[in-house]
Amino acid sequence: MIEENATVVSITAGRVLIESFRSSACGQCQARNSCGQKAISEWASSKMTQLEIDNPNGLNVGAGDKVVVGIDEGSFLKASALMYLLPLVTMLLLGGLANLWIGTEMSTIVFSFAGLVVGFVGARLLGRQLEKSCQYKPVLLRILLNDTRVVES
């Protein structure tokens, strides 16, 4: 389970609106003082993100509570592979087929681009299907009090 700490903003009809800071791996990196990526990641990590999540265990939370939310690692990896690999594979496949069948450089470029677009559209459509599945949604795991566990699910 991939876990992240968050703060409850509001509760509506069994769903919880949480707010969390985006985090970056730069804080743990040995080269963080000499890396150009650090400035970009610090800017991005300073942004707050709000997300509405399920409360399947019916934990009694209120606005301002510190909570831990999580998502299944396997589901996260599947969704990531779908989002990143499907467009790449369709781009290479259509570009390769155009190169074999037509043989011109321009056709390979055009079909590769078309494959990339088809991959992104396919990932979007499949993502919408997976979005309906509960295993692909983050859930409320437990409530924190002063950074210690209070309520387990």
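These questions and answers cover the fold, core and surface of a predicted model.

Me: In what order do the elements of the chain run from the N terminus on?
Reply: The chain has 3 helices and 6 strands. Read from the N terminus, the order is β-β-α-β-β-α-α-β-β.

Me: Which residues is Ile-53 in contact with, leaving aside its neighbours within four places in sequence?
Reply: Ile-53 is part of the largest nonpolar core. Its partners include Val-16, Ile-18, Val-69 and Leu-140, which are also listed in that core.

Me: Which helix gives the most to the nonpolar patch?
Reply: The patch lies on the surface and includes Trp-101, Met-106 and Phe-111. Its residues have about 820 Å² of accessible area together. Helix 2 (73-101) and helix 3 (105-131) each supply at least two residues. The top contributor, with 4 residues, is helix 3.

Me: Is Leu-100 buried or exposed?
Reply: Leu-100 lies in helix 2 and belongs to the nonpolar patch. The cut-off for exposed is over 50% relative accessible area. Leu-100 has 69%, so it counts as exposed.

Me: What share of the 153 residues in the chain is buried?
Reply: Buried here means under 20% relative accessible area. By that cut-off, the buried share of the chain is 24%.

Methods. Residues numbered from 1 in each chain as written. Predicted model: local features only at pLDDT ≥ 70, side-chain atom pairs only at ≥ 80, totals over all residues. Heavy atoms only, no water. Core = buried A, V, L, I, M, F, W, Y, C linked by side-chain atoms within 4.5 Å. Buried < 20%, exposed > 50% of the residue type's maximum accessible area, 1.4 Å probe, protein only. Contact = heavy atoms within 4.5 Å. Patch = residues over 30% accessible without salt bridge, like charges linked within 9 Å, V, L, I, M, F, W, Y side chains within 5 Å. Areas by Shrake-Rupley, 256 points an atom, 1.4 Å probe, with all protein chains shown as cover. Salt bridge = Lys/Arg side-chain N within 4 Å of Asp/Glu carboxyl O.
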